[in-house]
Amino acid sequence: MKYDATGIPEFYDKARRLPEETITLWLNRIAYHTGVRPLTYIADLGCGTGRFSVPLHNRFMSTVFGIDPSRKMLDKVSSTEGVTLIQACAEQIPLANHAVDMVFCSQVFHHLRNEHAALDEVKRTLKPDGFFCIRNSTVENLDSILHLKFFPRAYRDDHTLLPGRHEILTLIPQHGFALKGHEIVHQLFAHSRRELIDKIRMRGLSDLAIIPDREFAEGLTALETYCLKHGTDTPVYEDMDLFVFQRA
Ligand SMILES: C[S@@+](CC[C@H](N)C(=O)[O-])C[C@H]1O[C@@H](n2cnc3c(N)ncnc32)[C@H](O)[C@@H]1O
């Protein structure tokens, strides 16, 4: 998807904002898998509005390259402390060979135009033994996402578009990476169902942006009705996969 051709950048940051504790959870899981090796240079590939770029810089004391093809998404990055923004796509990364210790890729895998070219570029830009961390929804964790129960077309589209775990676990080693770890992270997405509704209403998720307006309105009403009936204060968790590979 070309984000610049959509209205998503306008609302992405608010609609997809993660609670502080969720960002910390992800940083902890990355630290667990990468161990004591210093992550001096990190590429946040498909960084979008930089949800993870500055947190990566702060946590690992790294110089972070925030790379994304969308000018509109990059323009929404609110802080560039320790982050160099680069407008480019994963299939052609404008970094030197062996430039970074880790490539972090959050919710980007299913947007790649050419997975093979992108994986070759990730390998080229990583130092030997460098880490490739993929944070992504997969077909297997779709059922953990509450709002998708009310947007059947978005669910079906995601099912077609998203990778399955097996696909990632077989494709990436074919490009010269060894699996270091894989886990399903149970993340807090919203402190309450009320907050979830506010986020969903902004329509900043790519799967909700492309469904017809009428279906979006119907889904939102159904979600609101469900939440009113079952409690609006309940926190909302969902599952997401973390794959950590190491360059061979
Ligand atoms: C769902 S957003 C994820 C943004 C960010 N990583 C995050 O987790 O908030 C997907 C991002 O992938 C970017 N993208 C799309 N195609 C890409 C490509 N071929 N190479 C790199 N990034 C791409 C989009 O511009 C968008 O910013």
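The following exercises, each with a worked solution, concern a predicted model.

**Exercise 1.** Work out in what order the strands of the open sheet lie, and which strands form its edges.

*Solution.* The open sheet has seven strands, and reading across it gives the order β3-β2-β1-β4-β5-β7-β6, with mixed pairing. The edge strands are β3 (83-87) and β6 (177-190), since each of them pairs on one side only. Neighbouring strands of this sheet are, on average, turned by 20° against each other when direction is ignored.

**Exercise 2.** Determine in which sense β4 and β5 pair, and find the bridge partner of V100.

*Solution.* Strand β4, residues 100-106, and strand β5, residues 126-136, pair in the parallel sense over six bridges. For V100, the bridge partner in β5 is L126.

**Exercise 3.** Describe the largest nonpolar core and the contacts of I42.

*Solution.* The largest nonpolar core has 41 residues, and those with the most contacts inside it are I42, V103, F104, F132 and C133. Among the elements that each supply at least two residues of this core are α2 (20-34), β1 (41-45), β4 and β5. Leaving aside residues up to four places away in sequence, I42 touches L56, F60, S62, V64, V100, D101, M102 and F104. A second, separate core of 14 residues includes A154, F189, L205 and V236.

**Exercise 4.** Characterise the residues around the ligand.

*Solution.* There are 21 residues around the ligand, of which G46, G48, S70, A90 and S106 come nearest. The shell divides into ten nonpolar, six polar and five charged residues.

Conventions: Residues numbered from 1 in each chain as written. Predicted model: local features only at pLDDT ≥ 70, side-chain atom pairs only at ≥ 80, totals over all residues. Pairing = 2+ DSSP bridges. Helix = DSSP H or I, 4+ residues; strand = E, 2+ residues; numbered from the N terminus. Axes fitted to C-alpha atoms, helices over the stretch in contact; angles between N-to-C directions. Near = placed C-beta within 6 Å. Nonpolar A, V, L, I, M, F, W, Y, C, P; charged D, E, K, R; others polar. Core = buried A, V, L, I, M, F, W, Y, C linked by C-beta atoms within 7 Å. Buried ≥ 20, exposed ≤ 12 C-beta atoms within 10 Å, placed from the backbone. Contact = placed C-beta atoms within 7 Å.
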